[in-house]
Amino acid sequence: MCGIAGIVGTTPVNQSLYDALTVLQHRGQDAAGIVTISNGKFRQRKANGLVKDVFETKHMHRLQGSIGIAHVRYPTAGSSSAAEAQPFYVNSPYGIALAHNGNLTNAKELRERHLKVTRRHINTSSDSELLLNVLAYELEKTVDKPSLEAEDVFRAVSSVNSQIRGGYAVLALIIGGGIVAFRDPNGIRPLVYGSRVNEEGKTEYMVASESVALDILGFKLERDVRPGEALYITEDGRFYSQQCCENAKLCPCIFEYVYFARPDSYINDVSVYASRVNMGRRLGAKIQKELAGADIDVIIPIPETSCDIALEIAKYLGIQYRQGFVKNRYIGRTFIMPGQKQRKKSVRNKLNAIKSEFKDKNVLLVDDSIVRGTTSGQIIDLAREAGARKVYFASAAPEVRYPNVYGIDMATSRELIAYGKTNQEICDLIGADGLVYQGLDDLKAAVREENPALTEFEDSIFTGHYVTNDIDEKYLAYLDQLRNDDAKADKAWNEAESDLELYNETN
């Protein structure tokens, strides 16, 4: 999961791109980057860290230009090395920079086949740099023309779509051209665009992962980029769009609505906030059936994603809603942290119980999901230490049993607590007195209430069905080698040495 933003403006866009990244920070806390164009040259700043730490005043002065793209990142198929912060760029043809949210499921095959044929070279293990080179190769076929036209861009994107597989939302910045935006044929990863008219009556455009980035900058949300569609917005503000693949269908990632997206965003014409309210009402009905007679005194959310859901559950059940945990907002999301020990430590640093809300009470805790179970078990322990008599647990998402392959680093099957286990076994492992999961049909219905046109979803983490129809046990085993905690620990050590060498060479 990453966040991307791009602006074609009429005045400097550096501050606007920075502001957009700050509201997309929840989509990636590992690294941040901005690339602009000024006087026919790329201006770039990227590094590991939060947005506020990556960009200093001197960097903002450097990022001149009225067009640019930006990215916040956490690693999935690549690594967490500073060298893999995005956007990436190549000098030929034209000069192209690219930022990407998602994951290419055929990246290994592309490296072996495409790079050998094209004789292009990549310096990292990132599939984003690989994607950039595939696009660059296709655009290279237009260099004999006097200028880059929309038809050239759409032909190149069509060819890219025919070669790559997975879930992806992409922004590319082309010197002498403009911004290209495109979305995978299943629309798995989100991408929206908007416009605004400046004081001189000229139209400016913005593309981003979530509509909230448009809102804070005064852009009107026009619509989502459609599955398989590409946009081309030139530096002088001409706007073009075209469908660039066959058999496109909308199958958005349903976990965006449960967890990733901000509640004030609209994705695929769905208010994320409203969908979570619907989830709470449906989960409340299930809790009423499955925990009948539990004598629950209070409902407490695990901040922050589950707060709206828990409030609706409390209203449905007629039980008091209280805030029982104080969250340290400067700790990253725990399920994406590398290594079990670090995850356990960060849970204790992230949440602290308000003891008066737990003492001598039967408590229902509500969270958005249970992934590894690390967070859930420790939070239940915190509740008991604060004096709770009984602790029940409800998850707004169904049982997470399978890894995600489309841009979410959600563990391997053997690290997922629900894999191969019954609900009672999960309940015992996390130490709850009772456990209720949202039903998958109810989850889909909660989102579909806001947009009945959504007939299919990417729900592989719950079902094991992958909409691209190219995932087999061999691929999942390969993914396991990349993602398991032992592999990440070895990779982190090697990357730390590599980053230190790079620092010594440049300082």
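Visitor: What makes helix 9 and helix 14 a packed pair, and how do their axes lie?
Guide: The axes of helix 9 (residues 272-290) and helix 14 (residues 440-448) come within 8 Å and cross at roughly 140 degrees. Helices here are DSSP runs of H or I, at least four residues, and strands are runs of E, at least two, numbered from the N terminus. Axes are lines fitted to C-alpha atoms, for helices over the stretch in contact; angles run from 0 to 180 degrees between N-to-C directions.

Visitor: Which residues make the contact?
Guide: Helix 9 gives S275, N278, M279 and R282. Helix 14 gives D442, L443, A445, A446 and V447. Contact means heavy atoms within 4.5 Å.

Visitor: What kind of model is this?
Guide: A predicted one: local features need pLDDT of at least 70, side-chain atom pairs count only at pLDDT 80 or more, and totals for chains, interfaces and linings use all residues. Residues are numbered from 1 along each chain as its sequence is written, and side-chain values use heavy atoms, with hydrogens and water left out.

Visitor: How do you know that strand 21 and strand 22 pair?
Guide: Pairing needs at least two DSSP bridges between the strands. Strand 21 (residues 390-395) and strand 22 have 4, in the parallel sense. A394 stands opposite V436 in strand 22.

Visitor: Why are strand 17 and strand 22 called edges?
Guide: The open sheet has 5 strands in the order 17-16-20-21-22. Strand 17 (320-321) and strand 22 (434-437) each have a single partner strand, so one side of each lacks a neighbour in the sheet.

Visitor: Where does helix 12 lie?
Guide: Helix 12 (residues 374-385) lies across strand 20 and strand 21, at about 150 degrees to strand 21.
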